[in-house]
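Dear colleague,

Please find the structure below, handed over for your study.

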Amino acid sequence: MERNGIGQPLRRREDTRLLTGRGRYTDDIDPPGCAQAVILRSPHAHARILAIRTDAAATVPGVLAVLTGHDAAADGLGRLVTLFDVPGRDAPLFDPGRDILQTECVRYVGDPVVLIVAETRQAAQDAADLVEIDYEPLPAVTDTAAAAEPGAPVVWQGRPDNTAVLWDSGRAEEVEAAFRAAYRTVSVSLVNNRMVANPMEPRVAIGEWDEAAGRYLFHGPSQGTHRVRDNLAKHALKVSSAQLRVVSPDVGGGFGARGKLMPENALVLWAARRLGRPVKWLAGRTETFQSDPHGRDQVTRAEMALDANGKCLGVRIRTVAGMGAYLQDMGPRVPTTGGARIMGTVYDCTAINNEVRCVFTNTVPTDAFRGAGRPETAYIMERLFDRAAEAFGIGRDEIRRRNYIRPEQMPFRNAVGNLIDSGDFAGTQAMALALADWNGFPARRAASRASGRLRGIGLGYFIEASGGLNSETARLRVTPEGRVELRVGTFSHGQGHETAFLQVVAERLGIDPSAMDFIQGDSDELPAGSGTGGSRSSQMGGVAVLRASNAVVAKARRIAAHLLEAAPEDVELEGGRFRVAGTDLGLDWPRVIAAAHDPAQLPEGEAPGLDELLTYTRDTECNFPNGCHVAEVEVDPETGQVTLARYAAVDDVGNVINPLLVHGQMHGGIMTGIGQALMEEARYDPESGQFLTSTFQDYCMPRAGDGCDFQLGLNVVPTPTNDLGVKGAGEGGACGAPPAIVSAVCDALGLDHIDMPLTPEKVWRALSLRRSASRLAAE
């Protein structure tokens, strides 16, 4: 199977269907009798609800129901909660919970208040205009740093200081000792700007209720149907998982925002049961900005202690992280225990103390977004090392060489006790610098200067803790007709599982992928599944697929041995043919498949069929893909416009199932990082709390022209922690691009630091201040 097996750069087989308009998304589904839902949301960042009057709305022709949180409470709907506890240093995590519709107070612009269901979307919108709500506006706080200050407006009365939890990573005494022994210290204050995931497909939710079966059916985009099923059933509907089926058809992007415990998903199921007919809700783009979880939103002060040789001795980090108005699924975990899994990243330093104060603000709740805490952690370390290089008067590449964990130190136990199992960090950097022509940069800088432009180069190294959720399920079935059916509990929303997983099957079975069918997105098809997130699919789903394939092959060998009158251990599978070793006796797959489905031809004790259901569980939570990214920029000093001129990256994702898919994932991650570094930022008015960037007219997303040609390489260092030797891929670019680009811009401008996003206005103002300072110094 050299043409179709592991390591081959096969084009995604799903692309033909998707690019020719044959994809099927949730909005393409319209069950018979489907009603349309509209959600009336708060126009205020913070306000007390004094009265909700729905009588006029209920009289609009075609309106089927106008529902409030009082109706939801009467029907026993549950409150939504965070799914992860975070241990507090001084007090436990405070989770106020979240009603699916608010009745007493709204806490951000977009907070759901009333659900209107009608025969048509237009009728529902007309009715929404007639709902009367009396609000008493309250003071609001939308700035993350300000929320932690004394006297800030209070989001929840149970937390007068707006703190959900104060988390401390420990090792404070080690860090204090490192700073006492330091030859030199450096520091940086930085912002990780709030971002919106913005998948191409807006969120859609369709709820149905089968009275006879006593069962709900939910259709909606997700990153894994089983997790949506289990969380909706347990927390919102208060029913068993068996009473809810979740189906996700094709999905137009995820980025961590899909499949959360969201009010809208519960609302359509609840309304469907009340009305006895399907109910559908579709978000507009502005509603997507106001209802999908946001990401990042951290303000940090960090310090590093170094010895006389520039070796890092210790790091002290103090972060305020914005949670928004409620704690979303993973919200408080992302900046604390989630991001901290790679604390210290690729550097030989374990004396690190990180305090994170998670604060409530009157904004959309935050949750996992591509990288989920790891980009923020990497960014802090990379900015500190740039400052350290400047302080010691050495190259930014050299300061890192002096501090990398060396191959002979592997496996390396990091600051929080995670065992980094493999990596060649200095080697990966050397490959990236060569790919970027680092040594040729001075000539390119001189050429830019001659044309009146400023040129800078920068690098950023990252490491990921990819994986999480340490079990995954796969089922491999060979039908009597000879087709191979693969079901996996992960979920592809753009990663190419249909191609990559079938390459694993082809490698093991020796059957062409054209004879295979990939089935996903239905919680009834498998008993369990952990979905896709944290770059876990190849290392969890891929290994489950491999082991299920091995189980099918093992049974097929026993059947072939029985037919060939040989011992199973003497039968080998090679090139899609079973053969008795050392002889010319053999059978093809069709003969073995036919026997597998004929009880008369089976060995004693074998059940008919070739159908293996397997759950793979590992004893480690994650593994550690990593990479070095190098960005080169040009800056127009007259306008502040930053142009990405060159970009090179070398990633270590372990063994590679499909290099074409990995490169595609690298491209996507880098574009996410470009967006954060140069243009994306969710902004609120500091006085009114109004959301200022709720359309693409105000929120700038990167386009193809904002990138450049990416020079990509792979340093293959297999992980010993799984059967395939694979590490995660997909989120690395989002970790590596921001520090590389900021480093390059600072190099071009001659500045210590400038906060993301590096918009033309921000860069122009920084240049103006530098010119003014230079003039004053000259005078």
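The notes that follow describe ring pairs, a helix contact and several individual residues.

This is a predicted model, in which local features need pLDDT of at least 70 and side-chain atom pairs count only at pLDDT 80 or more, while totals for chains, interfaces and linings use all residues. Residues are numbered from 1 along each chain as its sequence is written, and side-chain values use heavy atoms, with hydrogens and water left out.

Aromatic rings

A search of the whole structure gives 16 aromatic pairs. Rings of Phe, Tyr and Trp (its six-membered ring) pair if their centres lie within 6.5 Å; planes under 30 degrees apart count as stacked, over 60 as edge-to-face and the rest as tilted. The pair of phenylalanine 289 and phenylalanine 691 is edge-to-face, because the ring centres are 6.4 Å apart and the planes stand at 65 degrees. Phenylalanine 289 belongs to helix 9 (residues 285–291) and phenylalanine 691 to the loop between helix 18 (659–678) and strand 32 (710–714), so this pair ties together parts that are 402 residues apart in sequence. Helices (H or I, at least four residues) and strands (E, at least two) are DSSP runs, numbered from the N terminus. Phenylalanine 289 and phenylalanine 691 are both buried, where buried means under 20% relative accessible area, exposed over 50% and partly exposed in between (1.4 Å probe, protein chains only). Ring pairs also link Phe289, Tyr684, Phe691, Phe696 and Tyr699 into a cluster.

Tyrosine 347 and tyrosine 404 form a stacked pair, because their ring centres are 5.4 Å apart and their planes are at 10 degrees. Both of these residues, tyrosine 347 and tyrosine 404, are buried.

The loop between helix 12 and strand 18

Isoleucine 405 is in the loop between helix 12 and strand 18. Is isoleucine 405 buried or exposed? Isoleucine 405 is buried, with a relative accessible area of 2%. Contact means heavy atoms within 4.5 Å. Not counting residues up to four places away in sequence, isoleucine 405 touches Thr345, Val346, Tyr347, Asp348, Met410, Phe412, Ile420 and Phe425. Proline 411 is found in the loop between helix 12 and strand 18 as well, and a cis peptide bond with omega of about -10 degrees joins methionine 410 to proline 411.

A helix contact

Helix 15 (residues 497–509) packs with helix 16 (residues 537–564) at an angle of about 35 degrees, the axes being 9 Å apart. Axes are lines fitted to C-alpha atoms, for helices over the stretch in contact, and angles run from 0 to 180 degrees between N-to-C directions. The residues of this contact of helix 15 with helix 16 divide into 7 nonpolar, 7 polar and 1 charged. Here Ala, Val, Leu, Ile, Met, Phe, Trp, Tyr, Cys and Pro count as nonpolar, Asp, Glu, Lys and Arg as charged, and the others, Gly among them, as polar.

Backbone details

A cis peptide bond also joins methionine 756 and proline 757, with omega of about -5 degrees. Asparagine 162 is not a glycine, yet has a positive phi of about 65 degrees; asparagine 162 is buried, with a relative accessible area of 1%. Arginine 296, also not a glycine, has a positive phi of about 65 degrees, and arginine 296 is buried at a relative accessible area of 5%.

Yours sincerely
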